[in-house]
Amino acid sequence: MPVWLEAGVWGLVGGAALVLGALVAWFVRVPQRVVASIMAFGAGVLISALAFELVDEAERAGGLLPTVGGFLGGAVAYVAANLVLARRGARHRKRSGDQQPSEQDTAGSGAAIAIGALLDGVPESVVLGLTVLGGQGVGVGVLAAVFISNVPEGLSSAAGMKRAGRGAGYVFGVWSGIAVASGLAALVGSLILRDASAGTVAAITAVAAGAILAMLADTMIPEAFERAHLLTGLITALGFLTAFAIERA
């Protein structure tokens, strides 16, 4: 299988976890504290992948300056885009309670939430595509982290969408579209960067890592802490250790 196609397949697999989470939320009434606990675990998993699979590897391959510059750039770009979307009704797109606005409350919020969900998912998919470029297959640790964290993301967000009165067509249209976009992002990323220098790949990896960390702080951790409260730190630490064990194994 060509490397670019393999990257696309793994990006699609990672994105499909969002659809899986949405399916659970739509057909099963999951207690919000359980959703928050799963979200905290997923946040810990992603933080571990950022530390050991992305930023560390980027620095080793491309040096400190491209890594630092890329990481800060990714974080700033994500926060700037998120601020714009928040003003249009997408601030609480990962929340499972009554925080998400309906279309009647905020006109255009449906489109803003969909774009925000895409903004959250694309950096992870690009990273998955980059892990394939070495010719040794997908980075198992990154794939596990993306899949494990995407399930609670889709679950929590879809629960909030349902509470806001959005229909099944909207909910599953959004997550199915993002799953496909995730595959395309991984595919296109691997095609564009397959002949790029180590420094360039390191910088792009760092950009994605910075965006992912900003996303965690802005969208996942608030949902986790509001419901899980003082257990959030412990559950997040367990997620971190799980991803670390997967990476080392």
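Start with a term. Helices (H or I, at least four residues) and strands (E, at least two) are DSSP runs, numbered from the N terminus. This is a predicted model, in which local features need pLDDT of at least 70, side-chain atom pairs count only at pLDDT 80 or more, and totals for chains, interfaces and linings use all residues. Residues are numbered from 1 along each chain as its sequence is written, and side-chain values use heavy atoms, with hydrogens and water left out.

Now look for gaps. Rolling a probe the size of a water molecule over the atoms shows where empty space is left. The search runs on a 1 Å grid over the protein atoms alone. A cavity is a set of points where a 1.4 Å probe fits but cannot get out. A pocket is an open set with protein on both sides within 12 Å along at least five of seven lines. Lining residues have an atom within 4 Å of a point. Grid points are joined across faces, edges and corners, and a volume is the space filled by probe spheres set on the points.

How many cavities of 30 Å³ or more does the structure hold? There are two. Helix α2 gives the most, with four residues.

Residues also fall into classes. Ala, Val, Leu, Ile, Met, Phe, Trp, Tyr, Cys and Pro count as nonpolar, Asp, Glu, Lys and Arg as charged, and the others, Gly among them, as polar. By this scheme, the lining of the largest cavity has eight nonpolar residues, no polar ones and one charged.

The second largest cavity holds about 30 Å³ of space. Ser48, Ala49, Glu53, Gly141, Ala243, Phe244 and Glu247 line this cavity. Here α2 and α8 (232-248) are the elements that give two or more residues. The lining has three nonpolar, two polar and two charged residues.

Elements α2, α4 and α7 (198-228) each give two or more residues to the lining. Again α2 gives the most, here six residues. The classes are eleven nonpolar, four polar and three charged.

The second largest pocket contains about 210 Å³ of space. Its lining includes Trp26, Arg29, Gln32, Ser96, Ala159 and Lys162. Helices α1, α2 and α5 each supply at least two lining residues. The largest share, four residues, comes from α5.

Phe27 and Ala159 are 132 residues apart in sequence and 9.8 Å apart in space, C-alpha to C-alpha. Phe27 is found in helix α1 (residues 3-27). Is Phe27 buried or exposed? Buried means under 20% relative accessible area, exposed over 50%, partly exposed in between (1.4 Å probe, protein chains only). Phe27 has a relative accessible area of 63%, so Phe27 is exposed.

Met1 is found in the segment before α1. Met1 counts as exposed because its relative accessibility is 68%.
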